[in-house]
Amino acid sequence: MEEKMIQLKNITKQYKENKAVNHLNLSINKGEVFGLLGPNGAGKSTTIYMILGLTEPTEGEVYVDGIHATNKPIEVKQRVGFLPDNVGFYEDMTGIENLILTGKLNGLTNAEAEKRAMHWLEQVRMNHASAKKVGEYSRGMKQRLGLADILMKNPEVVIMDEPTLGIDPKGIHELLDLIKNLSEEHGLTILLSSHQLHQVQQICDRVGIFVKGELLAYGDIEELQRKLLDETSILYKVIVKNDNHQLVERLSMESYVDSIDWDGEAYHVKVNREDGGELARFFVSNQYDLLTLQRLSYGLDDIYQRYFQGGEMGD
Ligand SMILES: Nc1ncnc2c1ncn2[C@@H]1O[C@H](COP(=O)(O)OP(=O)(O)OP(=O)(O)O)[C@@H](O)[C@H]1O
């Protein structure tokens, strides 16, 4: 059985009449990269603050590595590194000086802190800028230094709130790549929040879709796609050469066909069987010249639209 690193047990956070998080149950496995996705105001930050023990759930319990987050916040803090959406550094100090300071504040000797700082600066691909003042860093560079800063404390879990916000596409790519590496090479458990599904899906083992305080669905992208298409129906794109306008009528009489739509170029045929064999046989036996019979899966944009409908969409 997989070891659970973060467990949210039926947690609710009520702010006066507003329920920011509503009876949330979720487990994140050790070594997993999990993306908490949702539009602005969904309750992602509130959930993160509860995991960090910074705010108490109104109901329910949070455990990190088996430790109760509210009762033992200091022990949780020792295991978790948190990257807020805006990292605070001493701007007139260099990158490496900032990291060494963090190391020393966490009980390392100067030599140990320096060694560890150099190691992590290299890992986050920032050694070229280690002697530069942080005030001169771009936002993407600050985020990477922020990660190195967290790693100075040897955490088991890294939590990041909207880590890609305000970074250019190249910087985002570098940061996501780095996050994936940290999980793969160092076995870190990583939780990140985002409202950009297409970005984080590249690196997340699983994502949870969070809207108005509730987790609507979670799983890997394939599972989410399957859930969207209910359990058994499959969608096919069909193009025939000799469409004699009776196709829709004929096809809709087939028992395995649930729906047929025309998108101006092709038919989208939803069938309730796993195998497309019957559909192919239908075209052949009815003398249609079949140009395309392609099984479609829902794209990320579809997932986003479906699940986030009704939620406030961020950009
Ligand atoms: N301290 C607070 N007091 C009252 N309401 C709050 C407080 N913090 C958050 N909320 C409300 O809780 C809801 C969830 O907010 P939260 O910041 O967790 O969402 P989010 O998904 O992180 O969105 P964003 O990306 O915009 O920060 C919102 O309606 C917000 O207004």
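This report describes the domains, sheets, helices and nonpolar cores of a predicted model.

## Basis of the description

Residues are numbered from 1 along each chain as its sequence is written. Because the model is predicted, local features need pLDDT of at least 70 and side-chain atom pairs count only at pLDDT 80 or more, whereas totals for chains, interfaces and linings use all residues.

## Domains

The domain assignment divides the chain into domain 1 (4–226) and domain 2 (231–297); such bounds come from an automatic or database domain assignment. The C-alpha centres of domain 1 and domain 2 are 46 Å apart.

Helices (H or I, at least four residues) and strands (E, at least two) are DSSP runs, numbered from the N terminus. Two strands count as paired if DSSP finds at least two bridges between them. Strand 1 (residues 4–15) and strand 4 (residues 59–64) run antiparallel and are joined by five bridges; T12 stands opposite E59 in strand 4.

K19 lies in strand 2. A residue is buried if 20 or more other C-beta atoms lie within 10 Å of its own, exposed if 12 or fewer, and partly exposed in between, with C-beta atoms placed from the backbone. K19 has 17 C-beta neighbours inside 10 Å and therefore counts as partly exposed. Leaving aside neighbours within four places in sequence, K19 is in contact (C-beta atoms, placed from the backbone, within 7 Å) with T12, Q14 and G213. The C-alpha atoms of K19 and P163 are separated by 25 Å, and these residues are 144 residues apart along the chain.

## Strand 9 and its partners

Five of the six residues of strand 9 (residues 206–211) are buried, so this strand is largely enclosed by the rest of the structure. Strand 3 (residues 33–37) runs parallel to strand 9, and four bridges join them; the bridge partner of F34 in strand 9 is R206.

Strand 9 also pairs with strand 10 (residues 214–219), in the antiparallel sense and over five bridges. In this pair, F210 stands opposite L215 in strand 10. Two residues lie between the strands of this hairpin, where K212 takes a positive phi near 50 degrees.

Helix 5 (residues 139–151) has 13 residues and should span 18 Å at 1.5 Å a residue, which agrees with the 18 Å between its end C-alpha atoms. The expected span is 1.5 Å times one less than the number of residues. Since 11 of the 13 residues of helix 5 are buried, the helix is largely enclosed by the rest of the structure. Among the buried residues are M141, L145, A148 and L151. The buried residues of helix 5 pack against strand 6 (80–83), helix 3 (95–105), helix 4 (110–123), strand 7 (157–161) and helix 6 (169–186).

In helix 3, the buried residues are G95, I96, N98, L99, I100, T102 and G103. Their cover includes helix 4 and helix 5. Just after helix 3, G107 takes a positive phi of about 90 degrees.

## Nonpolar cores

A nonpolar core is a set of buried Ala, Val, Leu, Ile, Met, Phe, Trp, Tyr and Cys residues joined through C-beta atoms within 7 Å. The largest core has 67 residues, of which V64, A148 and I159 touch the most other members. Helix 5 supplies the largest share of this core, six residues. Not counting residues up to four places away in sequence, I159 touches I48, I51, L52, V80, F82 and L191. A second, separate core of 10 residues includes Y236, L251, V257 and F282.

## The sheet 12-13-11-14

Another open sheet is formed by four strands in the order 12-13-11-14, with antiparallel pairing. Strand 12 (257–262) and strand 14 (290–296) stand at the edges with a single partner strand each, so one side of each has no neighbour in the sheet. On average, neighbouring strands of this sheet are turned by 20 degrees against each other, direction ignored.

Strand 11 (residues 234–240) and strand 13 (residues 267–271) run antiparallel and are joined by five bridges. Y236 stands opposite V269 in strand 13. Helix 10 (residues 277–285) packs on the sheet, touching strand 11, strand 13 and strand 14, and its direction makes about 165 degrees with that of strand 14. Axes are lines fitted to C-alpha atoms, for helices over the stretch in contact, and angles run from 0 to 180 degrees between N-to-C directions.

Methods:
Two residues are in contact if their C-beta atoms, placed from the backbone, lie within 7 Å.
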